[in-house]
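What can be said about the helices, cavities and aromatic pairs of a chain when only computed geometry is used? The report below takes these topics in turn.

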Amino acid sequence: MAKRVAIVGTGQTFHKSHRPDVNGQELINEAVQRALADTNLKIKDIDAILIGNMDHFEGINYVDCWSVDGSGGIMKPVIKITTGGTTGASLAIGGYHMVGSGMFEKVLVIGWEKNSESDTTGAITTAFDPIWDRQVFAGAISGLAAEAQAYMARYGASDRDGARVSVRDRKHAMNNPHAQLRKEVSLEDVLASPMLADPIRLLDVCPRSDGACAVIMASEDVAGRICPNPDWLWGTAARHSYAYLGDADYGRLTSMEKCAREIFKKAGIREPRKEIDVIEMYQPYSFAGLIWIEDMGIVGHGEAPRYVWDGNTDMNGELPINPSGGVISCNPIGATGLIRCAEAALQVMGKAEARQVPDVHFAVSTGFGGCWWTDMLLHGKKKPN
């Protein structure tokens, strides 16, 4: 019988640019132990484990096998999920369906990455078609720059509009002890930072991080006994729509639009700007904070710059976005989408401490990656009907 699903606990490492003090197993175990402590569970209480990372980054395959001393997966069902940048969010969606199926009561979901041991750009480039895409794709930053240029041409946005998003998220990160980058910047700082690929500058983009995140999901039969205020998952959506770079509609993220339509319909949300209280968005660079909230339906196309400039997405605004500091402040890629999920859960459970948004009833978390793919989860304080 299908079951309703809740997040009952989370755990994260304190993410850094380089963790030479631990290997992959030990990094994973830090997040696992914190999630178990958060729920007062022991590893023997866990029924199954999902784990994932960008395994071609580290050059080590079969993380589901070699990591068991860190994940606790000995003599348990262990499943590996790897979907590029969306890996962390795909893991969360997988955990939701495993518990929701009724096969497992308690599932441990783990995302991790040691980017310091990888060639990120080289690995991303080789993920694309060797004939049509690889020879002309210079990595993630160039692709994102093309999206930003298209948006600017279409709606007249400026580099200052993008910089405003970076200023917001970096300020929010000051409240998050897990964030790698915790330093406020000004508009002038962003605009004076080195140009990487026009219009993207160094302070417009995310770092490369070493880190891990773990989330424990439980069925409605046991969630209330584990956690007094669970984060109930109201629905998930995934759009891994494109295979080639030329398929994308640059200047828009149509996969985000389709995910949002599906998930809001499931929950009966008609006015997301008024009904959602916080968004944790997988936003690897500043202009995504403009383009993608339009595609989500928060504001109309071309309206995001004004909405952001007016402070609506700041911590005390109408709809705070990335109270954690987001991806611009921390990016262990295989964990990044799961961190968004964990941070949204903390908001709903009222456990986000200095980064807590008051009175959160609905939160959205997203994942981004692959060839302009989007994953999305809707989190709620009340159990869904």
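Contact, in the packing described here, means heavy atoms within 4.5 Å. The structure is a predicted model, and every value that follows was computed from it.

**Helix 11 and its surroundings**

Helix 11 covers residues 254-267, and its 14 residues, taken at 1.5 Å a residue, should span 20 Å; the end C-alpha atoms are 20 Å apart, which agrees with that expectation. Buried positions in this helix are Thr254, Ser255, Met256, Glu257, Cys259, Ala260, Ile263, Phe264 and Ala267. These buried residues pack against strand 8 (231-239), strand 10 (362-369) and strand 11 (373-380), as well as against helix 12 (272-275) and helix 13 (288-295). Just after helix 11 comes Gly268, which takes a positive phi of about 75 degrees.

**Enclosed space**

A search of the whole structure finds two cavities of 30 Å³ or more. Their volumes and the classes of their lining residues are set out below.

| Cavity | Volume | Lining by class |
|---|---|---|
| Largest cavity | about 50 Å³ | three nonpolar, six polar, one charged residue |
| Second largest cavity | about 40 Å³ | five nonpolar, two polar, three charged residues |

The lining of the largest cavity is made up of Gln12, His15, Asn176, His178, Ala179, Ser324, Gly326, Cys330, Ile339 and Arg340. The second largest cavity is lined by Glu147, Tyr242, Trp372 and a run of residues made up of Ala248, Asp249, Tyr250, Gly251, Arg252, Leu253 and Thr254. Of these, Thr254 is also among the buried residues of helix 11, while Tyr250 and Trp372 return below as partners in an aromatic pair.

**Aromatic pairs**

Eight aromatic pairs are found in a search of the whole structure. In one of them, the ring centres of Trp66 and Trp112 are 5.7 Å apart and the ring planes stand at 85 degrees, so the pair is edge-to-face. Because Trp66 lies in helix 3 (residues 63-66) and Trp112 in strand 4 (residues 106-114), this pair ties together parts that are 46 residues apart in sequence. Trp66 counts as partly exposed, at 24% relative accessibility, whereas Trp112, at 2% relative accessibility, counts as buried.

Tyr250 and Trp372 form an aromatic pair that is likewise edge-to-face, with 5.4 Å from centre to centre and 80 degrees between the planes. The pair links distant parts of the chain, since Tyr250 sits in the loop between strand 8 and helix 11 and Trp372 in the loop between strand 10 and strand 11, 122 residues apart. Tyr250 is partly exposed, with a relative accessible area of 24%, but Trp372 is buried, with a relative accessible area of 7%. Both residues belong to a cluster in which ring pairs link Tyr250, Tyr282, Trp292, Phe368 and Trp372.

**A loop glycine**

Is Gly156 buried or exposed? With a relative accessibility of 61%, Gly156 counts as exposed, because exposed means over 50%. Gly156 is placed in the loop between helix 7 (140-155) and helix 8 (159-172). From Gly156 to Ala238 the separation is 82 residues in sequence and 30 Å in space, taken C-alpha to C-alpha.

Methods: Residues are numbered from 1 along each chain as its sequence is written. This is a predicted model: local features need pLDDT of at least 70, side-chain atom pairs count only at pLDDT 80 or more; totals for chains, interfaces and linings use all residues. Side-chain values use heavy atoms; hydrogens and water are left out. Helices (H or I, at least four residues) and strands (E, at least two) are DSSP runs, numbered from the N terminus. The expected span of a helix is 1.5 Å times one less than its number of residues. Buried means under 20% relative accessible area, exposed over 50%, partly exposed in between (1.4 Å probe, protein chains only). On a 1 Å grid over the protein atoms alone, a cavity is a set of points where a 1.4 Å probe fits but cannot get out, and a pocket is an open set with protein on both sides within 12 Å along at least five of seven lines; lining residues have an atom within 4 Å of a point. Grid points are joined across faces, edges and corners, and a volume is the space filled by probe spheres set on the points. Ala, Val, Leu, Ile, Met, Phe, Trp, Tyr, Cys and Pro count as nonpolar, Asp, Glu, Lys and Arg as charged, and the others, Gly among them, as polar. Rings of Phe, Tyr and Trp (its six-membered ring) pair if their centres lie within 6.5 Å; planes under 30 degrees apart count as stacked, over 60 as edge-to-face and the rest as tilted.
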